[in-house]
Structures are given as C-alpha cells and as structure tokens.
Amino acid sequence: MSCTYFGIPAGRSQNHGHHVCSTWGNHHFKTFDGDVYQFPGLCTYRFASDCRETYKEFSVHIQRGLNKKGHPEIQNVLVTIKDVKIYLTHKYAAVDEEIVKTPHYMSGILIETSDVYTKVYARAGLVLMWNREDSLMLELDPKFNNHTCGLCGDYNGQQVYNEFISGDMEYNPITYGNEHKINTPNSICEDPDETQQVTTCHQHHDECTQLLTSQAFSDCHSRLNLEMYVNACMQDKCACQEAEDAFCLCSTISEYSRQCSHAGGRPRNWRTEKLCPKSCPGNMVYQESSSPCIDTCSHLEISNLCEEHYMDGCFCPEGTVYDDLTEKGCVAVNKCSCKLHGQLYSPGQKIANECEECTCDSGRWICHDLPCPGTCMLEGGSHITTFDGKKYIFHGECYYVLTKNTVNDSHTLLAELGPCSFEDKQTCLKNVVLLIDHKRNIVVFKADGTVLLNELVIHLPHVTASFSVFQPSSHYLVVHTDFGLRLQIQLLPVMQLFVIVNQTAHGKLQGLCGNFNGMEGDDFKTVSGLIEATGSAFANTWKAQPTCNDKVDRLEDPCTLSVESASYAEQWCSLLKHSESPFAKCHSVIDPLEYYKGVLLARFTLTVTFRLGVRKPHYNVTAKLRIVTITCQKGKWSCTVGDCFGTCSIYGNGHYITFDGKQYDFDGDCEYVAVQDYCGEKNSSASFSILTENVPCGTTGVTCSKAIKIFLGRTELKLQDKELLEIRKDHGEHVNYWTRKVGLYLVIEVSNGLMVIWDKKTTVFIKLTPYYKGKICGLCGNFDDKSNNDFTTRSKLLVNKALEFGNSWKHDPQCPDVTAEIQPCDVKPHRKSWSQLECRLIKSDTFKTCHPKVDPIPFYEACVHDACSCDSGGDCECFCSAVAAYAQECAKAMACVFWRTPDICPIFCDYYNARNECTWHYEPCGREIKTCKIITNPSTNFSLPLLEGCYPSCPPEKPIYDEYSKTCVTNDGCGCYMNETYYPPSTEIPTIENCKKCHDYCRVNYCHSNNTRHHHCHPVTHTIQYCHNNINSLHFWNYSSVYYYYYKFDHIKYNPLHFRDNRGGYFIHYNNIYIYNKWLFYTFSNSSNINYHHYSKYASTNLHHHHFSHDYLKVDHHHFSNSSSNINYHHYCKYASTNSHHHYFSHDYLRVDHHHFSNNSSNTIYHHYSKYASTNFHHHHFSNNSSNTNSHHYSKYASNNLHHHHFSHD
C-alpha cells in the first residue's frame, strides 16, 4: 500500500503515456487520449498545436513521404515554439531558416541529436523525439490539457469524443486526418480517399500476438492495450503483402516497446540478429529501455539528477561511463582523463604550482596544499588585496597599519595614503614605513626611491643583520627581512606595494592586509576583535594617527563625472581584457576583469607628495551579527563565534553570493548545479541537489534564473512560473519537506537541513545547517568559511575565472561553454543612463543606514547590469529585483529600509483585505507572526530570516492566522497540516504507517486543535482496501485478478487516479468514457470479470449518480431493480468530516426512502457506520451474485445531502 500527498500539484509520474502522442510505421497514430488509428496522408499536417484563441505557445507540423522501398517515413518536422521556428530533416536542423550545429541552446530550447534520435526540448512544456525515420513522439505538459488540436487530439482525457465523435456526428480516421491538412502556397497534395476501408487482416493475428506477448514484454502487458498494437501490426503485415520486410514487422513492435517505457514499464531486449537488429558505434550497446542520462568522464554523477523517462538507444555497458573528453567510447571510471585549459592529462599525471600539487584520478583532480606564501597588494593607492585574497577599495588620508605581528611586537608595516594632488580626488601611496627590531629601527621608503633609516638616507644596496634593501631596476625596490617579511615596492609610474610573508606567519598577522588565516571572511577584523562590514569602516580602525579623520566609502562612479575621461579610460583599460592584447597570455591564470574595473576607476596619472609622522594608534569599534557572545575585556572585545547557518544567494541576471560570501556574475543559458552534497568523494551518499535553469532575460544575451529544481531522494520539486510542482520517482529515499508562504516568498524547508526561499521570480536563497560545511559543491561554493577557494570546479581544481568555474558546473556536458562575459550596457548603450539613474537609489540616502553594514557597490553594479539587459519587457521587474536583493541583505544586517513607494516598485497589500477591512499591511523587513501552519508543523532547524512582503495583523483575541480560511482564529480554530495537506479540526487523518497496515485495519487519526490527534480503528474485510489522505484523489489496490480502469470527473477538469495490481504493481488507466447529460459514466471490461468503481466529488446540492458495469448499458434516472440470492459486499474506511450511512442489501424487492431500508429477502445483511460529521450522507449499495463482481463506492466531503445508487450485475 502506498500513500501520496496532494497539497502540491504533482508533475509527471513514471507512467506518463497519457501525456504522449506518437506516430509510427505505416501511418499509425496514437492520440494523447489513447485512440489508435491509421491515416495514410502524405501532405503536411498539423500534428499538434496549442489551439487557444488568445495565445498559442507551440505547433508541430509533419510531412510524410515514401522512401525508396515504398514505405512511408517522416520527411520533415516543423516545430514552432512561440516566435522560434525549428525545421528538422534527416540531415540537418535549422532555426529561423539558419542551419545550426547540435546540440543547440537558445531561449529555453535545446536541440540535440544522438545515434538514434533528434530531440527538441522546450522549457515551455514540450519534448519532441524523432528517430529520423518513421517514428515521432511528442510529450506535453499537463498545462495544455484540453487546449490542443491536430492529429494528436484535444488532450482532454476522453477517448473518441471531440476527435471521432462531435455532437451527433461521427468521423472516420481519414476524415479526421484531412481536417488537419496544412495548405501551403504552391503546394499540390491530394487528400486520401475518405471512403476507403481499413483492412483488418485477421490472418496475422496469432503471429502479431505472439511477438507482442513474448517474455521481453512481460512488464508491458498490463500497462498497454495490447489489442490496439496487434491490430496495427496486422495492418502493417497486410500493407507489405506478405513480403519479408523488416519495416512491416519492426515498426509497431518498436512502438509497443517505446510506449511500454512511457507507461512506466521496462521492456527487455527483444531484438536479435535476424529480428529488427540495431547497431551502435564503438563499444556501446543497444538497450530497449534505459536511462538517457549517461554518466560521462566530465559529469560522473549526471544519472543521479535524471528527469528523463527510460527510452531505447545506444548506451554504455554496465560499469562504464562515456569518455566525452577523448570521444573514444565507453571506459571504466578509473580510465577517465582530466582536462585543464584545454589540455588532457592521463590518469596518474600530476600538475603543481606554488601552492598545491594535483593528481588526475578518475576524471577528477586530487589536490594537496603546499606551504604557500601570502601576498598583500596595495595598488593604485586605494585598491587593497589581503593575504587571503579579499579585495576592497579605501581612499585614506593618514598613516595606516598594513600588517603587524599579533604574537609579539617585532615588526609593523605602515603606509601613508593621501590625495595625489591638492585638487585630486584620487588616492596615492606616498610612503612606506617599516618598524623593525621592536621599533628600535624605522625604515622609510619614499616614492622617488629614497630610503631613510632612522631619518638618515642610506645608499643601496644596504644589508644589515635584520634587513636588506636592493634596487634591481629603476622601477622597483626589494626588501628582505630576517623574520620572513619581503617587500616589492614599485616606484614608477606610480608607487605600489606588494607584501609577501611565508607560512610561519599564518594566523599571526593583523592590519589592512588581513590576518592570513586562509579565511577571507574575517579579514575585516579590527584591532578590538570585531569584524566590520565595509572596507572604510575596517580601515579607519587601523589609523596610526588619532588626529586623522575617518573616511567613508565613495559611492559615486568616477566614470559618470566626465564623458571624456570615461572614453579615455575605456580605450586604454579595455586592452587588459582583449584576447589579442599583450595581456592575453595572463588571462588563463589571472582574471583581467577585476583589474579592468579597478584601473578604470583609477585612470589618471598620479602625482605624489610626501609626509611622515607616526603616532600611537586609536581604535573605534562596531559589532557583527554572526558573533554569538561578545565580552569586553581590557579595552578589547573577546568574541566566541558559533557555527552559523550558511546562505547562498542567486538573484537577477546571473548574480551569485556564495555561502562563504564570494560575489561574482555568471551568465550561462543552460542548467547548472547551484549546490549539491555529492562532490565525488568515494562512499559518499547524496541527499540533495539544486539546479538553476537560466534563460535569456532580453535581447542582450544576458540570462537569469527562471527555474529552480530541487532533487530530494525520490522527490523532485520544480519552482517555475510562480508555482511549485512536485514530481515523484520510483527510486530513492523519501525525504520530508514543508512549505509555507512568508511575505513575497515561498519557503521550502527540508528535514535534511536545507531551506530554499524563492521570490517566485528570479531570486532564490539557499540556507544550509552547519552540518554541510565543507561537504557541498557547485556554483554556491563549498561552505568551508574560505571564499578564496569557492571557485573549485566539478573536477575539483581551483580556478580564478568565474567563466571557467561556472562552465564546469553545467548539468548537461553537451551544453556549450560561455566564452565571454556580456556587458549589456555596452550592447544597449541607450539604456545605460536610464539604468544608472534608477539604480542610484541603492547609493542614495534611502539606504544610508545600510551603507556601513553592506557594501552597496556590488549591488548597484548588478542593478545597472540587469536594468540594461531586460530590454524586452520586465524592465521594472529587473530593477526592482536588484534593489530588493540589496534591501534583503540590509535586513540581514539589521538595517531595515523602507524603500518602496507608490512610484518605486509598489506592493499592493490591500488586495488581500476583505471589503472594509484593514488586516494586511506591507512590512519591508517582515515580522514574526503566528500561523496555523507554523504551530502545527514539526519544529525546524532554521530561524526564518526577515522577509519583506504583505503580512496580516491579527487582534489579541484571535492571534493566529489561518492560511486555509484566510482569517484570524484562536488556537482551537487551527486544523492540521499533514504532508502539505490541510485537515479541518475533527477531521480524520491517515498516516503512512496506517496505510501500510490497511490489510488488517484502516487506522485513522483525528485532527484536534493545535495538531493533536486521536487514534481510531475500524476492522475491515481483507479483499480490497484503500487509504488516502487528500480530498482530491484516491488510490486503489486490487488483490484479485482484475485490472481497474478509472478517471475522475470534476466538471471540466480531469485528473488521474491510480490503480495498482497486487501481482506486479502495475498502474493502469481508464478504458472507455461516455458522457450523458453532462455527468460521467464509465464502462469497464476485462474478460469475464466485471468491476465497477465510483468516486464522487464535492457537492452543494443533491446529486443522483447511477452507474453500471454491464455488457449493455441502460440508464434510468431513479429506479432500479435486481434479483439475487447472494451478495458480496465490502466496506471501506472513510476520511471525511461527514456522517456516513452505508447500507448493503440482497433482496428481490426493495423499498427505499430517505433513511430507512427494508428487505424482503431470505438473506438480509445490514451494515451501518457512523462518522464524525457536520452533514449527512446516504449511500445505497446493491450487488448481485455474479461470478466475479464487486461494487465499491467512495464518497467525498459535501455540504448537503448526497444520494448515490450503484449496481453491478451481469
């Protein structure tokens, strides 16, 4: 027995044949709704199309022709997805009339080819597969239900109707097919004769049946309608007129095998050297049903994240992976090579640099750290890079401590910063001062090359016991000390400083150059022990002169002050990143973009002035939120830091902030691993993976995250189009999760220590518990508190370029690499001024309280970038999302900012208020509220961050907000939430454990207030049993030899119920559906066994449903009679807030009134069960004695009386 949860819409199951339309062989077609017919048209036809009047998302046209052997095959396919036209032939694929090389990605569309298929995948909800011969398959998302037209039918879940029966008219397949002919100019094509009859060819029945019922298809018989494919097989044999031709036999058998896989089956290999053989390249093997997600040397774990159904094709033998690096076929994993900068390295080969040594092992690099010196850089007078790699800008005007020893006072290095000239806003390095020998000796290095020792000029080279100074060229001074400190002082064209220390100083330093402990995140630690948020706030604490004024961050962009200066800077600074410039050789080891941006800001020639003065330091302090306890001791803060939850942010058009705080941009138009806990370690088990799918946001080529996929064991959650979709697989562990809406965000919390917060647009926050520190990988980094190693690739090699790092984490190895960073404001220069004007809000006084706590510059740059890129609609949305991302970081830093106005990104909370009420209000930083879902869900590991949005204000007498009723209630008014499903108070709640025990009892929990539950049981018969936990769906299990076919009817919406057979666990769907007077009736047939099942929906009035299983169906509105001497009856546990009365009778004559029943038969059986309810149900069940007949009734919640009369008889 299995229980499923229906609080969240379900996605595609393993059995998804009812989402698939196909055509194959000798003009055979299978519609979405299961009709199989033959239409021998050779014109161009509408295979399937979105036929809504207002907006059409797709269309598929096909044309068949006759090959050299006279057999029909598909010659071309035209797929139109929104405004993109894809034309497929046997030899090529063209997009918008231009031939493209596959795989081809664009605008959420993928076109790829394999040895067997050409495949088109569209994020709009379409998958098309063509074997480049006779077979074409189209799978559609359920959102297109009842919206399609063409040879594939209307996709409404009903066979025959609207395709071959419309009103009083009936159509034969040829008439139906001719209606969907596409008339093109200058095209002459004759329609097939509508009067021709299809030959049945019964003489081939036994042969076709034997082939389709072979042992290889044992998992298919209960899933598919065998007779439909037997008929198609017979028609194929007739068409070939007894000729021995593989086409006549293989096409339908192949289609039967494919449809079995669609239905969730696993057909085995049925082909032989003589029967429909298939060959594969290299050492690959042909399989009838296997996962299309093949592990490769570059992507060893791709099969763990596979969303595709099983299919036929060429695959690697078990125990091997495909070598996509050398293209030499399938190899053992330990034979996989490694790749670095386009060069391949064999297993066992080593590479090394100054800081690490790496060995190629099974396609990944195994690296070991080497003793590595640290370098601090002071460039251009204001650009500082710490020993641990943190970069920041500081425009100082004082002497500052660059680095000093924390263990003893053996040495101190100072730098004098100040304006380059009297009127210049740029900052220059003017002097470098080295205090050594416990401050007994002071060495001063001036910008003109003069060196002073204790205020006396010394001549170079100069060597003492504690230090030495050399001048190897006119541009540089080199200093060595006996305590491991080295200096490289650049004199021309401007003074710059490079400080090198060895590993003996690890964790023993402090100052503007950081603490050299390998963790970039704490480099802004002040002398008092606290960690500042911005470079200026940090640097001000390291002033060596107390009389100097504190400096603030400069938020203005100097390039906006002068058009001439901006053009001059761009002309020369762009040489750094050009692929043909002298700097191109450095690009593989040093990212030129950081230097391009830095030099662009400091683009003027600097003049230097000199001043010397050393004073005792003076310090001021601020606190950082991540610290757990802070104690003031002897004028310094003593801090105890606890393990913190990590947060990765992905927002806007490819902006990332890793768990360790590294900020970067990456624009790729594929799917990428954001974070996962399977990182290639042997014997490691994966519990989750999150993919981000990027698509272009405008015409500039910039992408943004439009869909998030969360893999949790056997569950996949897909966040897209403002909805959460759940897809359940048939393998993997069950992982619990909970969802709730908080402000503007949807929050998903998982039992394994993962939380995902999504704004239903382009922003997602991923939170992890400290358990995952150092155990994850992906675009969000490795969560080890060291941001300088976040750019670790899939192959476990540390790189320095965001492009190389991001490309390594693409989900599909065939996806093309991103080769250049797109600058949308350069592509669309007319949008730049508007973007800068709007985005200056981030740097304005509106966010003044946040500026010292969160650096606004990266968010301002991201805002301008996004506002320039969104040029095809959504301009304001891109701008608002970028500002909201900064506001959210401010809220995390406890700087709440009211930045939205009626004119700037307004939020309309009054929408949620009832008339004449004022319950809902906008909260820029959220607030704590009690809701029924929060207090009834299990306790969590997370404290939810403050999230902006609309929040209800409940009065003290009703302090809890009920999400279900959307009202404020008392504690007693809360219902229960079980597996994302809501149960009102006093409603019965099933559990997974109870469902597993349904063979003996149907156990029920009753929901009381505050999620308390009372256990109750009913004994039941063992023949048939069911459990369910949602008012929208039921699951049935059959223990007899009968298969169940069923669909539920809810006015115009059709959703499947699943029936399971005890012998093999097969899921089967309905057989025939007929509509009479707008109510739904079913007929079921299976050999001599008749079974009937009914499930009724919500009702607000009296409903009378009369259902029969019979060879000849007769319907009378109210009166029925039967005659029987024996009776079979079954009772099922109900889950309803109603009073249920069940009455079972065997009788010759029956008198029925509202509440009482009488029986005049010698064999009388009466059963009555009462439930907890607010209304009355009256159910009347009758059954006669047929050899294998059962009657079952299930009723749902109702707000009035329901009367159901059900009969089953021969």
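1. Helices (H or I, at least four residues) and strands (E, at least two) are DSSP runs, numbered from the N terminus. On that basis, H395 is found in the loop that separates β29 (391-393) from β30 (398-405).

2. The model is predicted: local features need pLDDT of at least 70, side-chain atom pairs count only at pLDDT 80 or more, and totals for chains, interfaces and linings use all residues. Residues are numbered from 1 along each chain as its sequence is written, and side-chain values use heavy atoms, with hydrogens and water left out.

3. H395 has a relative accessible area of 15% and is therefore buried (under 20% relative accessible area, with a 1.4 Å probe and protein chains only). Apart from neighbours within four places in sequence, H395 is in contact (heavy atoms within 4.5 Å) with S382, K425, Q426, T427, K551 and R554.

4. Two strands pair if DSSP finds at least two bridges between them.

5. T23 has L136 as its bridge partner in β14.

Technical notes. Buried < 20%, exposed > 50% of the residue type's maximum accessible area, 1.4 Å probe, protein only.
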